[in-house]
Amino acid sequence: MRDVHHPRAVFPLCLGLLGLLAAGCPTADDDDTTAEDPWVAEQADLPGAALSIWGTRSDDLWVVGTGGDVDEPMVLHRSGTTWDQLDTGQAGEAWWVVGDGEGALWVVGSAGLVLRTEDDGATFTKIATTTNATLFGAWVAPSGRLYTVGGVVFSSDEGPILLSVDGDVATEVTLPAGLSNNENLFKVWGSADDDIWVISDMGTVLHFNGTAWSSVVLPDNPRLVTVHGSGPTDVVIVGGLSRTTIFQRDGMAWDDVSPPGGQPLNGVFVKADGAGFAAGFGNFMMQRTSGTWTSTDGPMTINSDWHGAWIDEAGAPWVVGGDLTVLTDGVVARRETP
């Protein structure tokens, strides 16, 4: 177990010698003041990108990602206010983390990686899988069964994949007909064992009703990245290729609530009370209040592409990301509550 540093943003009052000579530093009597950034970098300059965040509370928080130049999953655990980096004993990249809220935690990633820990990361059990696909997302059902999805980007050799993991046994789920072999399943989320949603990068939405899987393709085949919700009548999908894409389901149909512009979104989280937060490329963020999505300011002192989002017990959003083109320069940030 390795301790991880706690960088904090620094807010200089004057930047550069020329600025000092020309205007001097502002004083308490000056009218122009520098607004304090409400965002705090809990972790920064991590060697690999931070790709997923999950927790029960802000003092029991998990972040996973890539190891940078080191071929091993990055797994960070925040206990209280202390961050530790955990050794899984495995190679590859970690793309998603999820728990059951009762002590069991799963990490999934490259080359069919599925890990489970039930002792806060002291030991990890590797679940055998028969796929070489990257598992991009996972969700654990109330029954304890894990669902994880993935594919191989820019390759048709593997095709989209959905695994069901019961105990230590992983089984490949037969997908509905019509999916492209070039399609990647990116995320999975459900409200119950008989209400599970899976999305793809080609606009496909799969649904399991407890008996069978069905599929629909959303208009214009949008790139869908993450799905999350607060219950069966409140499910949100985000994504986009050149602009923001947001779909919401009220229990009956998918409603396109995408704004006219904005950057593509990668991560979304919806609380039980309906509050939502989403983040994506170019430091772009949106939040949902009273059912309506609006853009919101990202960090002023942290410029990153965000991949995952989470909201803590106080309603404060957390985001994780980095340089998503080369999967380096990981960041974990949170917005402080007023």
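**Reading sheets and a charged patch**

Modeller: Four strands make an open sheet, ordered β7-β8-β9-β10, with antiparallel pairing. Keep in mind that this is a predicted model.

Biologist: Which strands stand at the edges of that sheet?

Modeller: Look for strands with a single partner. Here they are β7 (94–99) and β10 (125–126), so one side of each has no neighbour in the sheet.

Biologist: How many bridges join β7 to β8?

Modeller: Two strands pair if at least two bridges are found between them. β7 and β8 (residues 105–109) run antiparallel and are joined by five bridges. Pick W96 and look across: its bridge partner in β8 is V108.

Biologist: What is the strand order in the open sheet that holds β2?

Modeller: Read it across the sheet. The order is β2-β29-β28-β27, four strands with antiparallel pairing. β2 (39–46) and β27 (305–311) are the edge strands; each has a single partner, so one side of each is left without a neighbour in the sheet. From one strand to the next, the twist averages 15°.

Biologist: Which residue in β29 stands opposite V40?

Modeller: Start with the strand pair. Five bridges link β2 to β29 (residues 328–335), in the antiparallel sense. Across from V40 stands R334 in β29.

Biologist: Now the surface. Which residues gather in the patch of negative charge?

Modeller: Asp and Glu count as negative, and like charges are joined within 9 Å. The patch here holds D220, D250, D255 and D256.

Biologist: Where does D250 lie?

Modeller: Find β21 (245–249) and β22 (254–256). D250 is in the loop between them.

Terms used:
Residues numbered from 1 in each chain as written. Predicted model: local features only at pLDDT ≥ 70, side-chain atom pairs only at ≥ 80, totals over all residues. Heavy atoms only, no water. Helix = DSSP H or I, 4+ residues; strand = E, 2+ residues; numbered from the N terminus. Axes fitted to C-alpha atoms, helices over the stretch in contact; angles between N-to-C directions. Patch = residues over 30% accessible without salt bridge, like charges linked within 9 Å, V, L, I, M, F, W, Y side chains within 5 Å. Areas by Shrake-Rupley, 256 points an atom, 1.4 Å probe, with all protein chains shown as cover. Salt bridge = Lys/Arg side-chain N within 4 Å of Asp/Glu carboxyl O. Charge placed at Lys NZ, Arg CZ, Asp CG, Glu CD.
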